[in-house]
Amino acid sequence: MARFKITGGTPLHGTVQISGSKNGSLPLLAATLLVDGEVVLRDIPDISDIRTMIRMLKALGVKIEPREDGALSIDCSNITSVSAPYDLVRRMRGSFYVAGPLLARFGEAQVPLPGGCVIGSRPVDFHIRGFKALGAHVEEKYGVMHAKADRLVGTRIDMDPRFRSVGATVNLMLAATLADGVTIIENASREPEVVDCQQFLAACGARIEGIDTTTLRITGVERLTGTEWSAIPDRMEAGTFLIAGALTRGDVTVEPAEPERLRIVTDMLAHAGCDLEMGERSVRLRMDRRPRAVDVVTAPYPGYPTDLQPNTGVLMSVADGTSVMEESIFDARFNYVDELLRMGADVRVMEGAAIFKGVPQLFGAPVVATDIRAGAALILAGLCAEGVTEINGGSLVARGYEDITGKLKGLGAQVEVLPEADPEIVDPECLP
Ligand code: EPU
């Protein structure tokens, strides 16, 4: 547990190196379970969620070695268990991704149900319904999902169009790659992290049509073979640093980045009054005034990412005018707002939306992070606030952001890491 101490008011200046995507790396790591042979993964970020996934794979018998060049060499030829430890699934919901590949390749998966979550209700019913549709016998008993199938059989899976679930798309497409026959997944997620995993699977020999669309047609193959792959840059990290630049009236360049995949965020920032310059693999933001009010609705890609909603809420808090934020993905993702109120923000949360009446200035205060993105948002609030902000629950932020303090310091921010004041304050029971 760590606590961040931030003295606000310094404009951020410079270039920040963006790490590989957290939510892109988790599916890639789970997908290696399908592969017969060595996989080399590059640009996997050194964050605690990834360490949890690596521990999970090792618990199943996977050999993972870091190479001298920083890449991970992964060998799944000697799996010794199809049972995922509860302690790891409890720490991070992304560990549920091992269910699809274990079931498809080894005919069985025993994975604890991930349980509740601070950002809202996050059941895995779409995943389980999909496994059943693929012919698995699934039992949920004593908090564990136990799925079995001699061989999965291709089918048509219509997912809920309101959500286009990221996790269910990943789990079901991983399962379908080794199923017998054709699986059609309707209303699939098109998040770039999911698309990157589709491209990785195709490079391993999977037959997937409709990559980067909401309808996937997957023809099962007998086996996948090893390849080398690099995770895409983290668009949530890039967006976080760009918003930090906007809030501190700075000049920040993020690289590597995929400007096209950040378009909805950079459009919002341009609307707020920032000056943006897109490079081939970078984005530069300059800002010299108070942001204008903006309205945002979160939605599945290519909509506005819910993972940047809290950061965007901080921008709205200090914008000139009234902004409306609608959250359509997670019902409890405004839990950072009460902490912002303590810093002087004027926000009213209603069902599924929040109205931000911009104030000219936030003021530093001790606050508590409740999840990765809430923590990042409070860091941004601290960077633009007058005085000192102490953020408890910093290790939650470290789950998703590689060396956030080092990177902020590199841009000139005044940040210190201190031991947690009260270790009981945040129990990261439920992790995405
Ligand atoms: N849903 C169901 N049933 C299911 C699955 C999802 O009802 O079986 C609902 C959820 O309750 C939610 C909506 O569908 O309301 C969308 O959930 P989704 O499955 O898309 O989210 P996820 O896969 O659990 C991933 C990211 C989240 C990110 C969301 C939305 C990972 C490891 N997690 O979660 O990232 O917010 O997609 O884009 O990729 C984070 O990084 O901080 C984080 C929370």
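Tutor: This is a predicted model. Three of them, helix H1 (22-31), helix H5 (125-133) and helix H6 (166-176), each contribute at least two residues to the shell around the ligand. Seen by domain, the shell takes at least three residues from domain 1 (3-19 + 233-430) and at least three from domain 2 (22-230). The ligand itself sits in the largest pocket.

Next come the residues themselves. The ligand is surrounded by 23 residues, and the closest of these are Ser-121, Asp-125, Ser-165, Asp-307 and Ile-329.

Asp-125 places a polar side-chain atom 2.6 Å from a nitrogen atom of the ligand. For Asp-307, a polar side-chain atom lies 2.6 Å from an oxygen atom of the ligand. As for cover, the ligand on its own has 830 Å² of accessible area, and the protein covers 91% of that.

A few backbone details can be looked up in the loops of the chain. In the loop between strand S19 (296-297) and helix H10 (309-317) lies Pro-302. The peptide bond leading from Tyr-301 to Pro-302 is cis, and its omega is near 10 degrees. Another cis peptide bond runs from Glu-255 to Pro-256, with omega near -5 degrees. Pro-256 belongs to the loop between strand S16 (251-255) and helix H9 (263-271). Finally, Asp-43 is a residue other than glycine with a positive phi, near 60 degrees. Asp-43 is found in the loop that joins strand S4 (38-42) and helix H2 (48-59).

Methods: Residues numbered from 1 in each chain as written. Predicted model: local features only at pLDDT ≥ 70, side-chain atom pairs only at ≥ 80, totals over all residues. Heavy atoms only, no water. Near = heavy atom within 4 Å. Polar contact = N/O pair within 3.5 Å; in protein donor to acceptor, adjacent residues only side chain to side chain. Areas by Shrake-Rupley, 256 points an atom, 1.4 Å probe, with all protein chains shown as cover. 1 Å grid on protein atoms, 1.4 Å probe; cavity = no way out; pocket = protein on both sides within 12 Å on 5 of 7 lines; lining within 4 Å. Sits in = over half its atoms within 2 Å of the grid points. Helix = DSSP H or I, 4+ residues; strand = E, 2+ residues; numbered from the N terminus. Domains from an automatic or database assignment.
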